[in-house]
Amino acid sequence: MSSYSITEPSQRSKTVAAILVVTYALITMVPLVWIVMTGFKSPADAISYPPKILFEPTLEGYVNLFTTRTRISPEALAALDEPATWYDRIVRQYDMIIAGPSKFGERFVNSVVIGFGSTFLSVFLGTLAAYAFSRFKIPLADDLMFFILSTRMMPPIAVAIPIFLMYRQLGLSDTHLGMILLYTAVNISLAVWLLKGFIDEIPREYEEAALIDGYTRFQAFYKVVLPQAATGIASTAIFCLIFAWNEYAFAVLLTSANAQTAPPFIPTIIGVGGLDWPAVAAGATLFLLPVMIFTVALRKHLLRGITFGAVRK
């Protein structure tokens with residue numbers, strides 16, 4: 001009978017691994033840091049060559065992101081009162097005045113409603129479907145699971161035109177409900193497959209004990225299975241939100257005004273004489289925050305061990 005021993009990694013191996021992980025993390029953070037820095041640059045500094053690392057920070061990009069501006073003649077500008085706010089002073093440097101708010105706030109709210117709404121529906125329906133596939137005998141279960149997964153294999157452009165025509169007939173084009181239903185339909189395949197794997201790992205003995213104690217099937221599912229599947233639910237929610245939050249193709253094709261999200265809107269930001277890169281970077285920075293906050297909020301569930309609740313046999 002052979003015996004196996006587990007050798008502890010040496011201190012040198014741990015040090016090398018730590019250096020590699022930190023180096024990789026720093027490299028992957030460079031684009032993110034550069035975007036954040038560009039949001040605080042002036043338009044001239046944003047397009048300077050060689051790129052500027054040290055610069056005088058300004059909030060001009062954020063002002064241009066949240067406002068619409070109009071140019072006036074020097075005579076009309078001189079006739080105006082002194083600017084009352086700091087953002088008025090920034091705008092008047094370019095012989096312009098603030099005409100009103102931009103549409104970025106509305107587009108950002110649309111992203112929040114559509115992204116989180118579709119994520120909730122995807123995780124909710126995916127959890128129920130995954131539990132059914134994991135616990136009950138369903139005819140042709142393997143074929144159904146493959147069919148569910150196959151809906152994820154097609155690129156969006158392959159079904160964009162049929163969906164566009166269908167949505168136009170149903171009156172769902174440029175609506176929050178239409179985008180939520182579409183993103184839910186796309187994400188539910190991922191949710192079912194991920195959650196089924198997590199639910200399969202939960203011992204059936206827990207539910208059987210609950211049923212013996214007088215719980216109904218739904219009570220056993222709600223009070224026993226869901227807490228055990230929290231890690232899978234959190235992971236699935238993050239992946240679903242990332243897709244719905246960043247999706248671009250369907251948002252461009254199916255929305256234009258009422259339900260347009262931030263991804264199609266940010267590239268359309270036009271500044272003085274061309275694309276306003278500080279405003280684009282400011283919009284991208286703010287656009288990243290909800291997903292980062294959501295991921296950090298669920299980190300305690302992501303870090304739980306996969307052997308949580310294991311039963312000794």
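This is a predicted model: local features need pLDDT of at least 70, side-chain atom pairs count only at pLDDT 80 or more; totals for chains, interfaces and linings use all residues.

I started with burial: of the 313 residues of the protein chain, 35% count as buried (under 20% relative accessible area; exposed is over 50%, partly exposed in between, with a 1.4 Å probe and protein chains only). Residues are numbered from 1 along each chain as its sequence is written, and side-chain values use heavy atoms, without hydrogens and water.

Next, overall form. The radius of gyration of the protein chain is 26 Å, whereas a compact globule of 313 residues would have one near 20 Å (taken over C-alpha atoms; the globule rule is 2.2 Å times the number of residues to the power 0.38). I get 16 helices and 4 strands (DSSP runs numbered from the N terminus: H or I of at least four residues for helices, E of at least two for strands).

H1 has 28 residues and reaches 40 Å from first to last C-alpha, close to the 40 Å expected (1.5 Å times one less than the number of residues). H1 bends by about 35° at Val30, and Pro31 follows within four residues (the bend is the angle between axes fitted to the seven residues ending there and the seven starting there). H15 has a kink of about 25° at Leu289, shortly before Pro290. Pro290 is among the buried residues of H15, and so are Phe287 and Val291.

Surface patch next. I found a nonpolar one with about 830 Å² of accessible area together, including Leu32, Trp86, Tyr87 and Leu289 (Shrake-Rupley method, 1.4 Å probe, only the protein chains shown as cover). Patch residues have over 30% relative accessible area and no salt bridge; nonpolar side chains (Val, Leu, Ile, Met, Phe, Trp, Tyr) are joined within 5 Å, like charges within 9 Å. Which helix gives the most to the nonpolar patch? H15 does, with 4 residues. Tyr87, in helix H5, is partly exposed because its relative accessibility is 34%.

Last, charge pairs. I count 5 salt bridges (a side-chain nitrogen of Lys or Arg within 4 Å of a carboxyl oxygen of Asp or Glu). Asp45 and Lys52 meet at 2.9 Å, N to O; Asp45 is buried at 13%, Lys52 partly exposed at 35%. Arg107 pairs with Glu106 at 3.6 Å, and Arg107 is buried at 4%. Arg135, Glu207 and Arg217 are linked in a network of salt bridges.
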